[in-house]
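Dear colleague,

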Amino acid sequence: MIKYVSQRLLYTVMLLLLVSLSVYFIFDLLPVDPARLVCSKQCTPALVEANRHRLGLDVPVLQQWWNFIYGLFAGRNYAEGAAALHCPAPAFGYSFSRHECVTTILAKAFPVTLSLAVLAFILWMTLGVSLGVLAARKKGSIFDKASTVFVLIGTSLPTFLTGVLVVIFIILKFNLVDPLEIGNWSNPFTDPLGWLSTFIWPAATLAFAYAATYTRFTRSNVIETMTEDFIRTARAKGLSEKIILRKHTLRAALAPLATMAGLDFAGLLGGAIITEKVFGLDGLGGISINAVTSSYDLPIIVGTTIVASAFVVVANLIVDITYAFIDPRVRHA
Amino acid sequence: MAENILELHDLKKHFPTTSGGLFSRRKGVVKAVDGVSLSIGVGETVGLVGESGCGKTTAGRTVMKLYEPTDGKIIFQGEDISHYSRKQMMPFRSQMQMIFQDPFASLNPRHTVGTIVGASYDIHGIKPAGGVENAVRDLLERVGLNPEHINRFPHEFSGGQRQRIGIARAIALRPKLIVADEPVSALDVSIQAQVVNLLDDLQQEFGLSYLFVAHDLSVVQHISDRVVVMYLGKVMESAPTESLFAKPRHPYTKALLSAVPIPDPRLERTRERILLQGDLPSPMNPPAGCVFNTRCWKVQDKCRSVVPEPVQIAPNHTLACHFPE
Amino acid sequence: MSTFLEVKNLHVTFPTEDGAVLASNNVSYSVALGETLAIVGESGSGKSVANLAVMGLHNPHRTQISGEAILHLPEGPIDVLSAAPETVRRLRGKAMSMIFQDPMSALHPFYTIGNQIAEAWALYNEGSKEDGIKRAVEMLDLVGIPDAAKRVHEYPHQFSGGMRQRVMIAMALVNNPSLLIADEPTTALDVTVQSQILRLLADLQKEFNMAVILITHDLGVVAEVADRVSVMYSGRIVESAAIDEIFYNSTHPYTRGLLNSIPRVDNHGKGTRLRAIPGQPPSLISVPKGCAFAARCEFISHVPGGLCIASNPDLLEKAPDHYSRCHLTGAQVIDIAAKNLAHQDNGAK
C-alpha cells in the first residue's frame with residue numbers, strides 16, 4: 001500500500017510539472033503580448049521591453065518555467081531597485097495587474113471557492129442520494145416520475161441560466177438576500193449566518209445541476225443492485241427489507257458514487273467559473289476568468305491551473321485509496 | 001502426414017500478467033496452454049476436454065490464430081501457419097471456422113440472419129452460384145431452419161436456433177476444419193441432442209473435421225473419435241475415445257470420468273467414485289512437477305519435482321504420468 | 001418419514017407487456033424430512049419459479065401467486081402463500097433455506113464470509129458478534145473448508161467456486177432449517193467439484209434430517225442423489241414418482257424423450273445418433289389448450305381423435321405413487337416405448 005501511494009504521489013508530481021510546462025508553452029503561443037498590455041498609453045518600445053523584463057518574459061519559455069518552479073520552493077524576487085518585490089515560497093509569481101503576489105491572491109480566493117464547493121457538495125449529495133434512493137424504492141410511482149422530471153430539468157438547464165434566474169427572483173425580486181451582501185466574505189466560524197447568506201444561493205445553483213445527475217445515478221445503481229443475486233440471498237436469509245436496503249443494497253450501490261463525488265468535488269475546488277461570475281464571487285474561478293479575459297495575467301493563470309490540477313490529481317488518489325477500503329476486491333487485486 | 005488436417009506440436013500460449021498503474025511491470029505469466037500436441041485427421045473429431053482454467057478454450061482460439069502462439073507449431077494442411085500475419089491467414093480463414101458457446105453473444109443483434117450468414121461470402125469475395133441469398137437459404141434449410149426466416153433478427157430465435165445460425169455461418173464457405181468451443185453447453189438437454197446430431201450430419205455430408213472443445217464428457221464421448229484431456233495447460237492423456245473411456249490410464253482422467261454422474265440410479269448406487277480433494281490450483285501459480293500432484297491420490301515425491309513427459313503407450317495413446325493406472 | 005412441505009395447486013403468473021406468463025401452472029409436490037425431491041426440467045419449465053414462490057422471494061408487485069404451500073412446523077402447519085410477509089420472512093433462513101446456482105454473485109462482495117454467516121445466525125439467536133463468528137467457524141468446518149478460523153475473515157472473491165458454494169451451504173444451514181432448497185447448486189461448478197458438493201449435501205442432509213429440494217436440469221445429478229423426482233415441462237409437472245420408477249418405468253413421453261436424448265459416458269456413442277426431441281417448448285404466454293408437449297411428442301399417433309391437441313391431460317396416478325400427465329395409460333407408454341426401441345434397433349442393424 002505504501003509503495004502504491006508513493007508511486008502515485010511521484011506520478012502526481014510529474015503530472016503537475018507537465019501541466020505547468022504546457023501552460024507556459026500554450027501561453028507563449030498566444031498572439032498577445034502581456035508586456036504591451038500592462039503598458040500605459042504613452043507606450044514606447046523601451047517601456048515595453050522594460051515591462052517584459054519586469055514580468056520575467058524576456059527569457060526563453062523553458063527558462064521562464066524553470067524560474068517558476070524554482071520560485072515555488074525558494075521564493076522569488078521581482079523588479080529591481082526601489083520597486084523591488086519579494087514573494088516568499090511557495091511563490092506562484094507576481095501579478096502586475098493586481099499588484100500582489102499570486103500566492104496571496106490564491107490564499108484569499110481559495111476560502112471563497114472552498115466554501116462554495118463544500119456547501120454545494122453537502123446540498124447535492126443529500127438531495128441527490130436521498131431522491132435517488134427514494135425513487136428507486138418506489139420505482140414507477142408518482143414520486144419516481146416527478147424525480148425524473150427533476151433530473152431532466154436539472155441536467156438540461158445550464159448553470160448560467162439557473163444562476164441568473166436565482167439572482168433575478170430570489171435576490172432582486174423577493175429580496176431574500178441583501179444584494180449588497182452578495183459576494184461579501186464572512187468567516188464561517190465567527191459569522192456562520194453571514195457566511196451562509198453569502199453562499200447558500202450560489203451553492204444551491206451549483207448543487208441543482210449536480211443533484212440531478214446524482215439522483216439519476218443513485219436511482220439506477222440502487223435499482224440495478226436490488227436485482228443482484230446477493231440481495232436475493234439476503235432475503236433468503238430472512239433479513240428485513242430495512243437491513244437489506246441499508247447494509248446490502250446501499251453499500252454496493254453507492255460505492256461507485258464515491259469515485260464520482262470525489263472527482264466532482266475536486267473539480268469544484270479549482271473554481272466554479274460560471275457560478276462565481278454570476279454571483280460576483282472572488283473565488284479561484286472568478287479570478288482565473290478575469291486573468292484570461294482581461295489582463296492576460298500569466299502568473300495567475302498558471303497559479304490557478306496548478307492548484308486546480310493538484311486538487312483533481314490528489315482527489316483521484318484519495319478516491320482510489322478510499323475505494324480500496326470500500327471494495328475488498330480492489331484491495332486484493 | 002498429409003492426411004492430417006491440423007497438427008499442433010508443443011503449442012504454447014502464455015499470457016503475461018502485469019501490475020497496474022503507470023509503472024506497470026510483468027508480474028509473471030499465466031501458462032494457459034503449455035505444450036499441447038495433437039493431430040486431427042480428415043473427417044475426424046477430436047474432443048478437447050478439461051475443467052475450467054485448463055486452457056482448452058485458449059488452445060482452440062490459438063488454433064484459430066485469434067491469439068498469437070507463444071511457442072510451438074500450428075500446422076494446417078501441411079503448412080506451418082504458426083506465425084502467419086493477418087494477411088497471410090486470409091486464404092486459411094475460409095477453411096477453418098469457429099462455433100462459439102454463447103450463440104447470442106456471437107451474432108450481431110442489428111443484422112438479419114441473411115446478412116450474418118452471407119457475410120462470409122463478401123469477406124472472402126466469393127460469389128456462390130445462384131447468388132448469395134439463395135446460398136444462404138440453402139444453408140438455413142441445411143441446418144434445420146426455415147429459409148423464409150432469412151430476414152429475421154437473432155433475438156427472434158431460440159437458443160438452439162441461434163446456435164444453428166452460428167453453424168450455418170461457419171459452414172457457408174465449406175471449411176475443412178471447425179473449432180467448436182462449448183457449442184452445446186448453453187443449450188437445454190433436449191435441444192443439445194438436436195445440435196449434436198446436426199454436427200454429426202454435417203460432418204458426414206461435408207467431410208468436416210472438428211476440434212470439439214467442451215467440459216461435458218458425455219457429449220465429448222458421444223461425438224469424438226479421439227479425446228485429449230487437459231489440466232492446467234498441459235495434456236494429461238490423449239487416446240481414442242473408446243479406450244480412454246473404457247480404460248483411462250491417467251489418474252486425472254480416471255477421476256474426471258468417475259465424477260461424471262450417470263443418469264442411471266441403480267448404477268449410481270453401486271458405482272465406486274473417486275472423490276478428488278480440493279480445488280484446481282490457480283493457473284497463475286501451478287504446482288511444480290506434475291501439475292496434478294496436489295489432487296492426485298497416487299502422488300509420490302517424484303511427482304512433486306519432475307514434470308512427466310508425454311509418452312506414447314499405444315498407437316494414438318499418449319500419457320503424461322509417472323505412475324499410470 | 002413425515003411430510004414437511006406440501007405445495008398444492010401453485011400458480012405463479014408474471015404479467016408482462018406481451019401478456020401474462022404462466023410460469024408455474026397448477027403445480028403440486030411435497031417433500032418429507034430426510035427426503036430428497038429432485039425437480040427436473042429445462043429452462044422455462046417453472047422449476048425455480050415454484051420454489052422461489054415457496055420461499056416468498058418473488059417481487060409481490062410483479063407476480064401473482066395462488067395456491068397453498070404448507071410447512072408442517074413442530075408448532076403447527078402454516079401456509080406460507082397466505083401468511084403475512086413478515087411471518088414468512090421469520091421462517092426464511094430458519095425453517096427453510098435456499099442456495100443458488102452461482103455462488104460468486106450470491107455472496108455480497110463487500111463483506112467477509114464470517115460477517116455474512118454471522119448475520120444470518122444473529123437473526124434467530126442471541127449473542128455477541130464474536131459468538132456469531134465462532135458459530136461461522138463451526139459451520140465452515142462442518143462444510144469442509146480447511147483453516148476455517150482464518151478464512152472466516154476473508155472475502156468471497158478469495159474463495160474458489162466450489163469453496164464459495166460450501167460457504168453458501170454453511171450460511172443456509174446455520175440455523176438448522178428443516179427444508180433446504182438447492183437451485184442448480186452445482187451447475188456452475190466443475191465436475192470434480194460437483195461430486196464433492198453433492199456428497200457434502202447428502203451427508204449434511206443425513207446429519208440434520210433435512211428435507212431437500214434439488215432443482216436441476218441434469219438427470220445424472222438426479223440419479224446420484226434423489227429419492228423422488230418431479231419432472232416439469234412448460235410450467236406443469238408432467239410426471240412424479242420414486243426415482244427408479246422415473247428412470248426405468250417412466251410413463252410420460254417427455255421424461256422418456258429426455259432420458260433418450262442425453263449421451264452417457266458409460267456407453268460409447270460415436271456413430272450412433274442421439275434420440276433428440278424435435279422442436280422446442282411452447283411459449284408460456286400462449287399456453288396451448290391441449291397437452292403442452294403434444295407438438296413434440298412421438299407418441300401422439302397412438303392417441304385417438306386429436307385428444308392431445310384438444311385437451312390437457314390431468315396428472316393421474318398411473319401406478320402406485322406414480323403420477324403422470326398423459327392421455328395414454330402407463331402400460332401403453334411403456335409398451336409403445338419398448339416397440340419403438342426395438343424398431344430403432346432393427347433399423348440400425
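**What was found**

Glu182(B) is buried, because its relative accessible area is 8% and the cut-off for being buried is under 20%. Please bear in mind that this is a predicted model, and that the values below are computed from it.

Glu182(B) is found in the loop of chain B that runs between β7 and α6 (189-206), and its phi is near 45°, a positive value in a residue other than glycine. This deserves a second look, because most residues other than glycine have a negative phi. Arg174(B) also has a positive phi, of about 55°, although it is not a glycine, and its place is in the loop between α5 (159-171) and β7 (177-181) of chain B. Is Arg174(B) buried, partly exposed or exposed? Arg174(B) counts as partly exposed, because its relative accessibility is 47%.

Turning to chain A, you will find 14 helices and four strands there, and its C-alpha trace spans about 85 × 55 × 40 Å along its principal axes. Of the 333 residues in chain A, 42% are buried, while the chain exposes about 16,900 Å², with carbon and sulfur atoms supplying 69% of that area. Chain A carries 26 positive and 20 negative side chains, and the centres of these two sets lie 12 Å apart.

Chain A is divided into domain 1 (19-102) and domain 2 (107-332), to whose contact domain 1 of chain A gives 21 residues and domain 2 of chain A gives 15 residues. The C-alpha centres of the two domains of chain A lie 36 Å apart. Between them an area of about 1,500 Å² is buried, and carbon and sulfur atoms give 77% of it. Which three residues supply more than any other three of the area that domain 1 of chain A buries against domain 2 of chain A? They are Phe27(A), Phe92(A) and Arg98(A), which together supply 30% of that area.

One further residue to look at is Val312(A), whose place is in helix α13 (residues 298-326) of chain A and which counts as partly exposed, because its relative accessibility is 32%. Leaving aside residues up to four places away in sequence, Val312(A) touches Leu263(A), Ala266(A) and Gly267(A). Although Val312(A) and Leu263(A) are 49 residues apart along the chain, their C-alpha atoms are separated by 6.4 Å.

How values were computed:
Residues are numbered from 1 along each chain as its sequence is written. Chains are lettered from A and ligands numbered from 1 in the order in which they are written. This is a predicted model: local features need pLDDT of at least 70, side-chain atom pairs count only at pLDDT 80 or more; totals for chains, interfaces and linings use all residues. Side-chain values use heavy atoms; hydrogens and water are left out. Helices (H or I, at least four residues) and strands (E, at least two) are DSSP runs, numbered from the N terminus. Buried means under 20% relative accessible area, exposed over 50%, partly exposed in between (1.4 Å probe, protein chains only). Accessible areas come from the Shrake-Rupley method with a 1.4 Å probe; for residues, only the protein chains shown count as cover. Lys and Arg count as positive and Asp and Glu as negative; His and the chain ends are not counted. The place of a charge is taken as NZ of Lys, CZ of Arg, CG of Asp or CD of Glu. Domain bounds come from an automatic or database domain assignment. Contact means heavy atoms within 4.5 Å. Buried area is the accessible area (1.4 Å probe) that two parts lose on being put together, summed over both.
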